[in-house]
Amino acid sequence: MKIVIAKTAGFCMGVRRAVDMVLNAANQTDAPIYTYGPLIHNPQVLEMLETKGISRLDTIPQKGTGMVLIRAHGVPPEDEAALKTAGFTVLNATCPRVIKVQKIIGKYAEKGHATIIIGDKKHPEVLGLLGYAKAKGHAVTTMDQLKALPKFDNAVVVAQTTQNTAVYDQVKTWCAAHRPHYQVFDTICGSTERRQQEVRHLAATHDAVIVVGGRQSGNTKRLAQVAAETRAVAIHIESVSEIDVTALAGFRSIAITAGASTPNWVITDTCSRVARHLQKQRPVAGFISEIQDCLLKTNLLLALGAGSLTYACSVIQQLPRTMIHAAIAMLYVFSMQVINNIFSVKSDTYNHPDRAVFYRRYRPVLAALALSAGGAGLYLAYTTGVMSFFILLIMSLLGLSYNLKIIPQGFGSAQQIRRIKDIPGSKTILITMAWGIVTTILPAVDTRSMPAWHTVAFLYAAGLVFSRTAFFDIVAIQGDRIAGRETLPILLGEKKSFVLIRCVLAGVMVLLAGAWLTGLPFSLSFLLAVVPGMMLLLIHFFEKDTQISGTQMEFMIESSFLLTGLAVALL
Ligand code: SF4
């Protein structure tokens, strides 16, 4: 059986913007924060906001303090004014596409036009839009209701942004034939249209479509409706616990899609649950997948990759081909990464739900393993020289203190920087530096020489590690925002981060070409260049085709580090 995740599944621009706005506000102020009504229609996101202390206002009090966010659906203008009069600071998180419809209605209402909204009159977006129509608004959901309205001298017709495109096409045709003087606007959001088109296509090519998202979410309900109108079996679930996996037994292929307000972690969770069920049906593939999963969760694959990269860097630096520095790098990276995962359970609950469960369950064992590996790495470093030992000791202490509150309260910043982790963008930079030192500088220090290729090796390792870390930070952006982490992609934005990663990987390839021209053997330069080239391709596929799952992508990227050592071992 095949599982496919829709490319359009998950947060749309408007929802992402609203969630980012409220999380940024929560991470930057100690004042009380409220959302006016539910920020979006998704129970898991609303639960998450509650855990962050963001409360919900359902009615407007006469007096209040703090910040109120207006939901992505928008509100009537008089509600926004009342919130301000009550004393709140109002942050408008209304989706820009909804604001555009509000403006159309407001402009024509000023001129005395009636407004006809094709949408559910109880839906918050429609309630907000009606507020702009100056008591001349009408909301209808069916053709019969539209035909039953009086014939207005002047009217504008708009659709709720998440309306069914096929229904609105009928409205447009009817208006053109019977009310040609009405001004009809195309206000269905492009994101909604694309989702509905994709679900039609997926339903035509798969046996079943699972639609994940809140039952109150208009666009999710319509996705399920669109899927149900096809020959495929449509299953609408709000959370992964509702999946009846036994009912999926007879299907050969399943597509998973999600509404615009469904967060990534709920989609990932759903996909993992279905995939786990399938694995039970195919023991060999299931076994391979379990091993893959275990290598990733325990960080063994990453540690092996660090060892392999160290070996490759030693060859670039023309150092003796010994395994001791590869072993030191493996032990150090394993130790630091496991400790970091133990401290990152909060963001992993959203980014990697399975990994969070694993680290909660085996925390004492994993902590003991990490400390033992760190100790063993230090011992090995000591056997190679006192300088190596001290460098590794300092790096280990920095790594251990990364998650601890070591900076005094109020020190130098209003943003409560208490841990190294709190310094914006620190994770990517520190991991890159740490890997660069352990894979390149430590082996060179012990030889008591400065090999000619030292800089090339350092930049090669640092470039690959930077790209890998920044890429995983992009994948984890939702959970990191929730946990209040300021990673590089949060600071730069996803698009700029992807551009930066591409530039760095391309720079690594240019570096190798330059190294070849100045004396590095062609075969070595070529084999080493395969790895950044492969990473560029993987990232390209990930951006263009979300049908590669996060786990598959993680496995392939982590495995690419293994290739560096294997490639040079062949020479
Ligand atoms: S579905 Fe479209 S209109 Fe609605 S919040 Fe998302 S981007 Fe905005």
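Reader: By class, which residues does the shell around the ligand have?
Author: The model is a predicted one. The residues around the ligand are C12, G14, C95, R97, T161, C189 and T192. Cys counts as nonpolar, Arg as charged, and Gly as polar. By class, the shell therefore has three nonpolar, three polar and one charged residues.

Reader: Where does the ligand sit?
Author: C12 and R97 are among the residues around the ligand. The site of the ligand is the largest cavity.

Reader: Is T439 buried or exposed?
Author: T439 has its place in helix α18, residues 426–446. Buried means under 20% relative accessible area. The relative accessibility of T439 is 0%, so T439 counts as buried.

Reader: Which backbone oxygen does the side chain of T439 reach?
Author: Leaving aside neighbours within four places in sequence, T439 is in contact with A306, L309, T310, C313 and A461. The side chain of T439 also reaches, at 2.6 Å, the backbone oxygen of W435.

Reader: Is H123 buried or exposed?
Author: H123 lies in the loop between β6 (114–118) and α5 (124–130). Leaving aside neighbours within four places in sequence, H123 is in contact with H41, H73, Q160 and G218. Its relative accessibility is 7%, and the limit for buried is under 20%, so H123 counts as buried.

Reader: What separates the C-alpha atoms of H123 and P532?
Author: H123 has its place in a loop, between β6 and α5. Along the chain, H123 and P532 are 409 residues apart. Their C-alpha atoms are separated by 49 Å.

Terms used: Residues are numbered from 1 along each chain as its sequence is written. This is a predicted model: local features need pLDDT of at least 70, side-chain atom pairs count only at pLDDT 80 or more; totals for chains, interfaces and linings use all residues. Side-chain values use heavy atoms; hydrogens and water are left out. A residue is near a molecule or strand if one of its heavy atoms lies within 4 Å of it. On a 1 Å grid over the protein atoms alone, a cavity is a set of points where a 1.4 Å probe fits but cannot get out, and a pocket is an open set with protein on both sides within 12 Å along at least five of seven lines; lining residues have an atom within 4 Å of a point. A molecule sits in a cavity or pocket if more than half of its atoms lie within 2 Å of its grid points. Helices (H or I, at least four residues) and strands (E, at least two) are DSSP runs, numbered from the N terminus. Buried means under 20% relative accessible area, exposed over 50%, partly exposed in between (1.4 Å probe, protein chains only). A polar contact is a pair of N or O atoms within 3.5 Å; within protein, one must be able to donate a hydrogen and the other to accept it, and residues adjacent in sequence count only if both atoms are side-chain atoms. Contact means heavy atoms within 4.5 Å.
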